[in-house]
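Student: I have a protein model open. Please show me how to read its features, one at a time.

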Amino acid sequence: MKASKTRAVRLTSLTEDVAAVPEDAPFRARLHVLFAQIEREFEQLYLENQALQEKLDIATATKESLIPPDARSAAGGSMSTQASSAALATPPTQTDEVAGSFLAAASSTHKSLKAKLSSATGGSKAKASNKIKAQTSRIVSSFKAPTVVSTVVREFGGHKDGIWQVAAKAGQPIIGTASADHTACIWGVESARCLLQYQGHAGSVNSIKFHQQRDLVLTGSGDGTAHIWQAAVNWEVPKKGHSSEEELDDSDEQVEDRDRVDTLRTPLCEFTGPGGHLSVVVAADWLSSMDQIITGSWDRTAILWDVETGLPLQPLTGHDHELTHVSAHPTQRLVVTASRDTTFRLWDFRDAIPAVSVFQGHTETVTSSVFARDDKVVSGSDDRTIKVWELRNMRSALATIRTDSSVNRLAVSTGGIIGIPHDNRQIRLFDLNGQRVARLPRTSRQGHRRMVSSVAWAEEPLLDCDLFSCGFDRRVFGWSIVLPKDN
């Protein structure tokens, strides 16, 4: 009884603790209901045990009251003279039979009640145990996220230093990478080969973006410049000869051709000079019209450039510390810039006079900010959080995702799934409501071994690759991700 009461008290306390959790999780109300049901079940069991104990006490008292005083005196071995006369009035055998019958009846009643109590208690306990198991199963099942199947299907290797960013080309089975080894590479997804290496920068290549329609690539570098260059790739893969003799004779040549990488050193356009950046260019992106680009720098400014002339059109100032990322809206003349000053800014170029909005909410460096569907912006930070914002409301975030590691350059799919790369080598997937979708597997055989610096979604699966990730282990992975139908 005491144990049952204690459990009820503990469950009540647990229910209160769960209800006091500040996280606005969707399971909070469901947990409260389930724990309340378990509490009521234990309370009912306690009342049943109490009623059975009262019956047992009554039966014990009845046993003692049913035995005649004469019989109790005779059994005790002492009687007065009057008691002896009364006892002699009844034959000894009859007296023994009466006392024995009362004792047998009381003993039988005691055993019967004890058996009933035992069976009732055992049955109630079993019933409660089964119900608790069922409730627990329901609680656990409510936490189980829909199954997401994810696995590495491609691996790209060849850079000599860490990789800062990866980008996917819409409509073509190629990806691009920007590396600290001063090069950018174009890779064939099917062959996992480097098809073209750009060597035009004199510093770390920090960002890479494809033109939406043309075979052009935009890169930003630690040399303080941004380049546009032609991504003309050779799709032909060396084939083996048909005869065994030819294969033997040409084997060395074929291996050399297979390992050979086309290189490019001259850009089509270089964005530098008067009015340009005075420090490292950390990121660059195409505006939706594709006739302008935006660059962000450690000099605390972003600059809007004209692609045709290569001249700066407008500097964007206001950040108090170095910029970390810039991103343009895919269909509108909107730009977001992220900074080490814990803020990111929205720049609206749809009017003649650009408007700017400041989004505050992070406590450390904002490492990236990107546009998402339904007029939303997603920002990631070194404060280990990701926030989802609405363009029309910059005062508070719609959702906050809390993680256990700093966030790097994230990406949002057209379906609204956020790919989150972390310093701790993990990659997590969340939706725009802040609900966890999956964590990509990382073992000794697959996954990154060092910081994951960037992820990029393929608008359409590229040869079973839905997501690409890169890191400072110098490797790029192509992931096949099968999401639940509701996502």
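The dialogue below goes from confidence to strands, then to single residues and rings.

Student: What should I know before I start?

Tutor: This is a predicted model, in which local features need pLDDT of at least 70, side-chain atom pairs count only at pLDDT 80 or more, and totals for chains, interfaces and linings use all residues. Residues are numbered from 1 along each chain as its sequence is written, and side-chain values use heavy atoms, with hydrogens and water left out.

Student: What does the protein average in pLDDT?

Tutor: First the term: pLDDT is the predictor's confidence in each residue, from 0 to 100. Here the average is 81, and 71% of the residues score at least 70. Over residues 1-22 the pLDDT is below 50. That stretch still has 22 contacts beyond near neighbours in sequence, a contact being heavy atoms within 4.5 Å. Residues 238-248 also stay under 50, with eight contacts beyond four places in sequence.

Student: How many helices and strands are there in the protein?

Tutor: Both are DSSP runs, numbered from the N terminus: helices are H or I with at least four residues, strands are E with at least two. The protein has six helices and 29 strands. For contacts with a separation of 6 or more, residues 24 or more positions apart account for 52%.

Student: How do I read a sheet? Which order do the strands of the open four-stranded one have?

Tutor: Start from pairing: two strands pair if DSSP finds at least two bridges between them. In this sheet the order is β15-β16-β17-β18, and the pairing is antiparallel. β15 (323-328) and β18 (355-360) are the edge strands; each has a single partner, so one side of each lacks a neighbour in the sheet. On average, neighbouring strands are turned by 20° against each other, direction ignored. Five bridges hold the antiparallel pair of β15 and β16 (residues 334-339). Within that pair, Val326 stands opposite Thr337.

Student: Now β20. Is strand β20 mostly covered or uncovered?

Tutor: Strand β20 (residues 376-381) is mostly covered, with six of its six residues buried. Lys376, Val378 and Gly380 point one way, while Val377, Ser379 and Ser381 point the other way. For the protein, 44% of the 487 residues count as buried.

Student: Which strands pair with β20?

Tutor: β19 (residues 366-372) pairs with β20 in the antiparallel sense over six bridges. Ser369 stands opposite Ser379 there. The two strands form a hairpin with three residues between them, and Asp374 in the turn has a positive phi of about 60°. β21 (residues 385-390) is joined to β20 by five bridges, again antiparallel. Lys376 faces Glu390 in that pair. β20 and β21 also make a hairpin with three residues between them; Arg384 in its turn has a positive phi of about 75°.

Student: How do I read a single loop residue? Where is His422 found?

Tutor: His422 is in the loop between β24 (417-421) and β25 (427-431). With a relative accessible area of 0%, His422 is buried. Its side chain reaches the backbone oxygen of Ser406 at 3.3 Å. Residues that His422 touches include Thr403, Asn408, Arg428 and Met451.

Student: What describes a pair of aromatic rings?

Tutor: The distance of the centres and the angle of the planes. Rings of Phe, Tyr and Trp (its six-membered ring) pair if their centres lie within 6.5 Å; planes under 30 degrees apart count as stacked, over 60 as edge-to-face, the rest as tilted. The count comes to nine aromatic pairs. Tyr198 and Trp229 are stacked, at 4.5 Å centre to centre and 0° between the planes. Tyr198 lies in β5 (residues 194-198) and Trp229 in β8 (residues 226-230), so the pair ties together parts 31 residues apart in sequence. Tyr198 is buried at 0% relative accessibility, and Trp229 is buried at 0% too.

Student: Why is the pair of Phe344 and Trp389 edge-to-face?

Tutor: The ring centres of Phe344 and Trp389 are 5.7 Å apart and their planes are at 75°, so the pair is edge-to-face. This pair links distant parts of the chain: Phe344 in β17 (residues 343-348) and Trp389 in β21, 45 residues apart. Phe344 is buried at 0%, and Trp389 is buried at 1%. Elsewhere, ring pairs link Phe156, Trp187 and Phe468 into a cluster.

How values were computed: Axes are lines fitted to C-alpha atoms, for helices over the stretch in contact, and angles run from 0 to 180 degrees between N-to-C directions. Buried means under 20% relative accessible area, exposed over 50%, partly exposed in between (1.4 Å probe, protein chains only). A polar contact is a pair of N or O atoms within 3.5 Å; within protein, one must be able to donate a hydrogen and the other to accept it, and residues adjacent in sequence count only if both atoms are side-chain atoms.
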